[in-house]
Amino acid sequence: MNSIVRDYLAYAFESTSRLAKQLNRESLTPIVAMWQENNYLVVATCDGYRQHEFRLLMFRDDGSSPALLHERILAFSPAAIAAAARAFDEKLGEIDSLYVDYYDDQTTISLLASGITIGLKATESQHKDHIRRFAATFIETERPDAIKINAKELLAALPKPRRNNERMYMLVHFLGNTWQAGMQPELKNWQPTEHNGVFSADDVQGAPDCKLNIQMMREALEVAERYHPFAECTIALTKRNEPALVRVEIGKVLYYKAYIMPIVKIQR
């Protein structure tokens, strides 16, 4: 049977269920999607402006390759995923790993540990295919501009948006090896704040030049810092008006990716 690290799966469920509920598009129903890529279970969702993906390593006691969902993409309601995350913390707090299985005839994922079984029933949704296609597209996109960062340090330096207008209009401008926070309520009205900083030139590749929403940036960095404040975290940008990538790797057990739409792409 396939095993997975409980703590990582619980946080992936908690984070994706929360983000999925923020989806505000009449044509799409909020869902959390899951599929398998090689030995990883991918848990992902998006809200129209950003997409978060957790890739969690699965393993088997006999050393063979895990086989869970094969080519299937499953969709689950955010409420069910959130309930499962709470159950992990309440009932499985002392357990490091749990078994995960899939019943093809019932479209149900079962999570088992110490006599406890949590069943997740899949739901029908075209949105799951959108999320999967987005993920595949982002993987293929070349990102020549990148900055290696310490998630904990950048989180401490970035301002915290307090009011609704700050959550919408407070941005961070990455330019070369520098960053500058500011407000931009209109396209040509950039108002820098006192918050800014410089990265080591050795940690910068290419010529980064992009503005991202600070609230969304903080949420992505908080996930990275949650597991290891000194894990390698990278912000990767394209030369076009495409989503920026925030990526963190925790050994081979967990890969986390957040794609954030740039608010303004600076014209050279």
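This report looks at one helix and at some salt bridges in the structure above.

The model is predicted, so local features need pLDDT of at least 70 and side-chain atom pairs count only at pLDDT 80 or more, while totals for chains, interfaces and linings use all residues. Residues are numbered from 1 along each chain as its sequence is written, and side-chain values use heavy atoms, with hydrogens and water left out.

**Helix H2**

Let's start with helix H2, which covers residues 78-91. Helices (H or I, at least four residues) and strands (E, at least two) are DSSP runs, numbered from the N terminus. H2 has 14 residues and reaches 20 Å from its first C-alpha to its last, close to the 20 Å expected at 1.5 Å a residue. That expected span is 1.5 Å times one less than the number of residues.

Which residues of H2 are buried? They are Pro78, Ile81, Ala82, Ala84, Ala85, Ala87 and Phe88. Buried means under 20% relative accessible area, exposed means over 50%, and partly exposed is in between (1.4 Å probe, protein chains only).

**Salt bridges**

The structure holds 8 salt bridges. A salt bridge is a side-chain nitrogen of Lys or Arg within 4 Å of a carboxyl oxygen of Asp or Glu. Here are some of them:

| Pair | N to O distance |
|---|---|
| Glu37 and Arg55 | 2.4 Å |
| Glu37 and Arg132 | 3.2 Å |
| Arg163 and Glu166 | 3.0 Å |

Why does the bridge from Glu37 to Arg55 tie together separate parts of the sequence? Glu37 lies in strand E2 and Arg55 in strand E4 (residues 50-60), so the pair joins parts that are 18 residues apart in sequence. Glu37 is buried at 17% relative accessible area, and Arg55 is buried too, at 7%.

Glu37 also pairs with Arg132. Arg132 sits in helix H3 (residues 127-140), so this pair ties together parts that are 95 residues apart in sequence. At 23% relative accessibility, Arg132 counts as partly exposed. Put together, Glu37, Glu53, Arg55 and Arg132 are linked in a network of salt bridges.

In the remaining pair of the table, Arg163 is exposed at 51%, whereas Glu166 is buried at 12%.
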